[in-house]
Amino acid sequence: MILGKICFTVKNNGKLPFFSGKNAGEIGIERKTNFNMASDTITTGLKSYAIGSKIRRLRLHKSMGLVELGKHTGLSPALLSKLERDLMHPTLATLLRIAMVFSVGLEHFFNPEPKPVLEIVRKKDRLRFPDSPDAGKVAYHFESLDFSVPNRELNSYLADFEPGEAHQGQMHEHSGIEFLYVLSGKLELRTAEARHELSESDAIYFDSTVRHGYRRIGSKRTTALVVTLGTRE
């Protein structure tokens with residue numbers, strides 16, 4: 001009975017002088033300090049993954065506001081805003097809700113992001129090509145302005161149009177859309193149905209699946225910026 005009483009007293013005393021020599025208050029402070037240190041370590045570690053900015057980029061890529069994302073996830077816009085600014089860090093369950101909205105896996109938030117594309121194409125590095133190497137008469141020469149960019153989503157060219165008769169210049173078509181901005185001179189863009197005369201600083205945007213061709217008008221040098229964008233499946 002005496003042994004039982006001693007064990008009971010030691011277990012509920014709240015202090016173990018023969019282990020650490022510290023009272024209950026000191027032990028509580030030590031535990032709180034250890035918890036804060038662990039919390040700071042986790043916070044620092046999570047910041048390196050930039051989870052908040054990844055959530056924001058996914059949302060903006062879908063042109064989605066915080067309110068709309070909140071409706072899909074059941075989370076308040078205020079909470080989502082704090083997550084995006086890394087003022088709070090989501091639990092895995094919360095992060096999974098967000099991931100499901102954007103059809104990505106949890107690994108998306110922990111894998112390093114590819115570096116943003118930034119490529120400079122120097123004038124001296126550009127190559128000049130005729131519109132068709134097999135054509136008897138060249139309608140224009142072009143230089144690719146973005147040839148060194150990997151996996152580019154558009155194609156941009158500087159086109160320099162040669163003088164020619166109205167019937168010269170091959171008609172062509174390609175998938176997607178085309179944008180043309182006249183930098184100098186006058187240019188005629190023609191299709192099977194119509195002809196459009198463009199002067200310096202004029203621009204045209206059109207469906208490039210329609211057969212089209214170009215012709216320089218007059219003796220002044222005629223150049224244009226041409227951008228093409230293929231349609232996505």
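This is a predicted model: local features need pLDDT of at least 70, side-chain atom pairs count only at pLDDT 80 or more; totals for chains, interfaces and linings use all residues.
A residue counts as buried when its relative accessible area is under 20%, as exposed when that area is over 50%, and as partly exposed in between. By that scale Y157 is partly exposed, because its relative accessible area is 23%.

**Aromatic pairs between β2 and β3**

- The structure holds six aromatic pairs, and one of them is formed by Y140 and F161, whose ring centres are 5.4 Å apart and whose planes stand at 50°, so this pair is tilted.
- Y140 belongs to strand β2 (residues 140-144) and F161 to strand β3 (residues 155-161), so their pairing ties together parts that are 21 residues apart in sequence.
- Y140 and F161 are both buried.
- The rings of F142 and Y157 have their centres 5.5 Å apart and their planes at 90°, so this pair is edge-to-face.
- Ring pairs join F142 and Y157 with F129 into a cluster.

**Helix α6 and the helices around it**

- In helix α6 (residues 92-101), the residues T94, L95, I98 and A99 are buried; seen down the axis of α6, its buried residues fall within an arc of 140°, so they line one face of the helix.
- An α-helix has 3.6 residues a turn, so residues three or four places apart point the same way.
- L92, A93 and M100 are exposed on the other side of α6.
- The buried residues of α6 pack against three helices, namely α3 (51-61), α4 (66-73) and α5 (77-84).
- Two of these helices, α4 and α5, pack with their axes 9 Å apart and at an angle of about 105°, which makes α4 roughly perpendicular to α5.
- The contact between the two helices brings L66, V67, L69, G70 and T73 of α4 together with P77, L80, S81 and E84 of α5.

**The open sheet β6-β5-β8**

- Three strands form an open sheet in the order β6-β5-β8, with antiparallel pairing; β6 (195-198) and β8 stand at its edges with a single partner strand each, so one side of each is left without a neighbour in the sheet.
- Neighbouring strands of this sheet are turned by 20° against each other on average, when direction is ignored.
- Strand β5 (residues 186-191) pairs with β8 in the antiparallel sense over six bridges, and within this pairing T191 has H212 of β8 as its bridge partner, while R190 stands opposite G213 in β8.
- Strand β8 (residues 212-217) is mostly covered, given that five of its six residues are buried.

**V182 and its surroundings**

- V182 has its place in strand β4 (residues 177-184), and V182 counts as buried because its relative accessibility is 0%.
- Leaving aside neighbours within four places in sequence, V182 is in contact with L198, S199, E200, S201 and D202, and also with T223 and A224.
- The C-alpha atoms of V182 and L225 are separated by 6.5 Å, although the two residues are 43 residues apart along the chain.

**Residues with a positive phi**

- Most residues other than glycine have a negative phi, and most peptide bonds are trans.
- D86 is not a glycine, yet D86 has a positive phi of about 60°; this residue lies in the loop between α5 and α6, and with a relative accessible area of 22% D86 is partly exposed.
- N151, likewise a residue other than glycine, has a positive phi near 50°; N151 is placed in the loop between β2 and β3, and its relative accessible area of 76% makes N151 exposed.
- S103, which follows α6, has a positive phi near 55°.

Key: Residues are numbered from 1 along each chain as its sequence is written. Side-chain values use heavy atoms; hydrogens and water are left out. Buried means under 20% relative accessible area, exposed over 50%, partly exposed in between (1.4 Å probe, protein chains only). Helices (H or I, at least four residues) and strands (E, at least two) are DSSP runs, numbered from the N terminus. Two strands pair if DSSP finds at least two bridges between them. The arc is that of the directions from the helix axis to the C-beta atoms. Contact means heavy atoms within 4.5 Å. Axes are lines fitted to C-alpha atoms, for helices over the stretch in contact, and angles run from 0 to 180 degrees between N-to-C directions. Rings of Phe, Tyr and Trp (its six-membered ring) pair if their centres lie within 6.5 Å; planes under 30 degrees apart count as stacked, over 60 as edge-to-face and the rest as tilted. Angles under 35 degrees count as roughly parallel, over 145 as roughly antiparallel, 65 to 115 as roughly perpendicular and the rest as oblique.
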